[in-house]
Amino acid sequence: MNKLLLSTAVAAILLAGPASAQSRDTIQIAGSSTVLPFASIVAEEFGNAFPDFKAPVVGSGGTGGGLKQFCEGVGENTIDIANASRPIKKEEIEACKAKGVEKIQEVQFGFDGIVFATSSNQGDFKLQPVHVYKAIAAQVPVDGKMVANPYKNWKDIDASLPDQEINVAIPGSNHGTREVFQEKMIAPGCKEAKLPEMDKEAMTKACETFRQDVVVEISGDYTETLARLQANPSTVGVFGLSFYEQNRDTLKVADVSGVTPSLETVASGKYPVSRPLYFYVKGEHIGTIPGIKEYTEFFLSDAVTGSGGTLEGAGLIPMPDDKRAEALKAFEDGKTVAAK
Amino acid sequence: MTVSAVSSPKSSAAASSPNRSRIQASLKRRRGAETRFRFYGIASVTIAIGFVLFLFGTILHDGVPAFWQPVVKVDVTFDPAVIKVEPKPVQQPDQSPAAFQRANLDWQRKVSLLNWNRIVENSVRAEAPDIQMTPRDIQAMISQNERYRLRNMFIENPDLLGKTVPVELLASANVDVWLKGDIDRSIASDRQQLPEAARTLADRFYEDGRIRMAFASVLFTNTDSRNAPAEAGLLGAFIGSLYMMIIVIVLAVPVGVASAIYLEEFAPKNRLTDLIEVNINNLAAVPSIVFGLLGAAVFINYFHLPLSAPLAGGLVLSLMTLPTVIIATRAALRAVPPSLRQAALGLGASRTQTVFHHVLPVTYPGILTATIIGVAQAIGETAPLLLIGMNAFVTSLPVSPLDQSTALPVQIFLWEGNENRNYFEPKTAAAIIILLTVMLALNAIAIVLRSRFERRA
């Protein structure tokens, strides 16, 4: 009985604790799974380099999920930084504002390529955007009319493609990668496919409706896409270049528009499917949560995101030095996206 | 056996032969049914054991090698040409402790800014002067955080300046993968993760014994790491799980046992208590992810508990464990023979005395088992923790239940998603082995305590 009382007392103390909780001293980050490895490395190095700050805590959830958490409001139980593999959308800025998050500071820190890859024992793909569009669109133009997608095999689309059943694993809509995939691959492909005349709305719909039987949307991380490739070897998966770099032994990458994706071709802009990577800082939290400013400055330092820096070793494509300096200056000046 | 005695009546000629054959046929059928049922039983047990053995077999096969990892023995020279820093400050007689502390921190910061990569690089280069290596080749070989170890060695003991000492540096994750053959060694160089020079060097060092496989103590002494996967460990997750376990024991057990005793021994039997009972049973069937959603809404958004903290996780898991404890305790109380209560009441004990002096002690083994099974279930739970932000990358050790942390099963989930598949697949299996060991240990404790209590009771 005494023990029971004692443990109840302990429980009461435990519960009373958070009521008087001290302010949070660790930066809380969530968002894009493409940015996650980079942000984690920076967080760890930050903790090592600054003995007076704790290493930030980095969560996942995809760009959309991260920004949703980011826009939940201002205060200690909301995150401070959202990682994103696409720019923040207008609706998201509005959602943020509605909850009182006004100072959204955008920080671009580098680039990543989006690659199409198959298991290493499959055929060589030399893709054009139009091939991918024709492979996954629900309806495609045949003789000037829209018909249900008849293609079963890549070689039916184009004789140069391998004799392989069409199966595509694309990132789900919670991922920023999906947005870039549609914008840089499907949109030009749709244009090239020469759809018959139709109004704008119908055109967008025709371009962005994918058939469900061969397209799998992956809402998890790239490892899930990889597992899908292992389960069904004929699948073509969409990955970030940095993930591919870590798994070159099991993946084979496809050329897009005649360019093989690599650090060099993405950095030079030759490879068409690339995107900038960002993180968004909650301006309201700077000064309340210690270390946000230092973390951002550290992130944009030459040793971290410069060429030859830590993150390049992990597969990030660095920005030119002047762009990086610009990004740093914009952050230090307190420039917010809402003001754009 | 009695059946066969009836079916072979020697004396009676009255048993007509059609009757007899009918009985024999039915007998055969029933015996057949029995044999078949036994066969099905044995078959299902075999299949179940087969699956378990297969599961354990693959996990052990994959995971056990990850308990050893390569370390490279090199002579590290603390070269004064690279370590250009003034001597470590010593406390002056006229200096205040605060000023000394500040000077010391300043000095440490200066030491941190030195190029410790260069020290690592020079040490490795000196071991194999004939192989052409770029700085990147060497960085790819030695785990990234080893430079901080050298730095800390120097901070601890500044006399090392200018000296050469043998140090065992952890090899990088990719060297581990290469030496263990977790990557296809025959594939073309441009698809390998490790640069060619590093591969040659790793093989040579392994042959002449400068690389040896040491016990991977980092698994137990380090927190998670992305920068240096070879140094990623489970300590942070383990502490997180421990905090949650304590919270579950402290909250769910007393509350659960108290409510069970009240409901079973004291509460009147009416509609209200029936309703409560039904709801408790329903609660036990609620999927854990729902408790996670509830936790996120109530503990995080309403009570403003910190995200990713074991406190919030522990509270969610307590809610989840509560029905298990209540139901098991009630079952244990119900199993106590009424004669015990009647005897106690008959001798003039009050109801409280009856319950606490006579009934409850008999149920200790049952309550204990329920508690440990509930806690073991809670420790292995992942889904609700994902919703309260515990699936984050945390490198610092949680010093209190209010600090951000992960938990063992969540760490397994995170490692499973790591992009360096070749390295993290075995490492994930190793983490699973550790989690299973913790669970088995808990269950063993339950069995031991139970048998001990039973003997006493």
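The model is predicted: local features need pLDDT of at least 70, side-chain atom pairs count only at pLDDT 80 or more, and totals for chains, interfaces and linings use all residues. Residues are numbered from 1 along each chain as its sequence is written, and chains are lettered from A in the order in which they are written.

**Chain A with chain B**
- In chain A, 40 residues are in contact with 39 residues of chain B (C-beta atoms, placed from the backbone, within 7 Å).
- The largest share of the chain A side, nine residues, comes from α2(A) (helices are DSSP runs of H or I, at least four residues, and strands runs of E, at least two, numbered from the N terminus).
- β2(A) pairs with strand β4 (residues 392-393) of chain B in the antiparallel sense over two bridges (pairing requires at least two DSSP bridges between the strands).
- Ala392(B), in β4(B), is the bridge partner of Gly59(A).

**Helix α9 of chain A**
- Tyr222(A), Thr225(A), Leu226(A) and Leu229(A) are the buried residues of α9(A) (20 or more other C-beta atoms within 10 Å of the residue's own, all placed from the backbone).
- Seen down the axis of α9(A), these buried residues fall within an arc of 100 degrees, so they line one face of the helix (the arc is that of the directions from the helix axis to the C-beta atoms).
- Gln230(A) and Ala231(A), on the other side of α9(A), are exposed (12 or fewer such atoms; partly exposed lies in between).

**Helices α7 and α8 of chain B**
- The contact between these helices is made by Val175(B), Trp178(B) and Leu179(B) of α7(B) and Arg199(B), Ala202(B) and Tyr206(B) of α8(B).

Definitions and conventions
Contact = placed C-beta atoms within 7 Å.
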